[in-house]
Amino acid sequence: MRLGVAGPVGTGKSSLIATLCRRLADRISLAVVTNDIYTDEDARFLRAAGVLDPERIRPVETGACPHTAIRDDVTANLLAAEDLEADFAPLDLVVIESGGDNLTATFSPALVDAQLFVLDVAGGGDVVRKGGPGIARADLLVVNKTDLGPYVGVDVERMVREGREARAGRPVVALSKHDEASVQELVDWVLGTLASYRAGGHVAVDPGPMAPHFHADEEHEHAHGDEPHTHAEQHAHAPAGTHPA
Ligand SMILES: Nc1nc2c(ncn2[C@@H]2O[C@H](COP(=O)(O)OP(=O)(O)OP(=O)(O)O)[C@@H](O)[C@H]2O)c(=O)[nH]1
Ligand SMILES: [Mg+2]
């Protein structure tokens, strides 16, 4: 299974991947692809962390807006993942870290089978309310660095609750690398998703590049619709396969 890890700059994507490697490297066969715009900094960080054979960590230097390389033209990432899969066959899990981007970045389902979106408490409690395809429809939303809540004046429980509300039942993990129970929850989600993927139960979904939105002239659609849904549910641009029933 290929697992994408996306989210804004500095929210803790590399740290989360290091945590996963630390916990899983002796249980399953793992490899990591990192994406940076101008450097191979994240691959260096992960190699230095000593959590995985350095050969199993490969950088892609995108040279462009990060989501170009995980969504629009995934060639460089596909080649890196396929090389790892050939060199270390059989691999159980390839984790692909996006370059830190903004709230619009998600992985193409042509590149990953599952994806998680990482926000952090230090970025502000209101970020979950700002929405976007990653927050609303990634397979997992991680609200990271919960230990920092008291220092940045963020009500962590409320942030997590609002994250759940934005996701129509899709899972949310409140994570801190210093909180073992939360790390276990993340590890359980990854292993559970891997098992489900293997059993054919998990199918890659495209969270979409565009958040559901509403145009002023769509009041007409409401008049013709069967039920008065929310504006987001009514909008025709919602990505295929993600439209609420
Ligand atoms: N307090 C606290 N700090 C954390 C946690 N996770 C990550 N950090 C810190 O957050 C900073 C950024 O972490 P990274 O893992 O490099 O974040 P990133 O999302 O990979 O960053 P980019 O790849 O540059 O977008 C580092 O200083 C980490 O030590 C956490 O759970 N708690
Ligand atoms: Mg990183």
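**Helix H9**

I looked up the burial in H9 and found Ser182, Leu186, Val190 and Thr193 buried (20 or more other C-beta atoms within 10 Å of the residue's own; exposed means 12 or fewer, partly exposed in between, with C-beta atoms placed from the backbone). They lie on the same side of H9, because they cover an arc of only 85° around the axis (taken from the directions from the helix axis to the C-beta atoms). An α-helix has 3.6 residues a turn, so residues three or four places apart point the same way.

The model is predicted: local features need pLDDT of at least 70 and side-chain atom pairs 80 or more, while totals for chains, interfaces and linings use all residues. Residues are numbered from 1 along each chain as written, and chains are lettered from A and ligands numbered from 1 in written order.

I then turned to the other side of H9, where the exposed residues include Glu180, Gln184, Asp188 and Arg198. Helices (H or I, at least four residues) and strands (E, at least two) are DSSP runs, numbered from the N terminus.

What do the buried residues of H9 pack against? I found strands E1 (2-6), E5 (114-120) and E7 (172-174), plus H1. Contact means C-beta atoms, placed from the backbone, within 7 Å.

After H9 I noted Gly200, with a positive phi near 85°.

**Ligand 1**

I listed 16 residues around ligand 1; Gly12, Lys13, Ser14, Ser15 and Gly100 come nearest (near: C-beta atom, placed from the backbone, within 6 Å). Helix H1 (residues 13-24) gives the largest share of this shell, 3 residues.

Key. Two residues are in contact if their C-beta atoms, placed from the backbone, lie within 7 Å.
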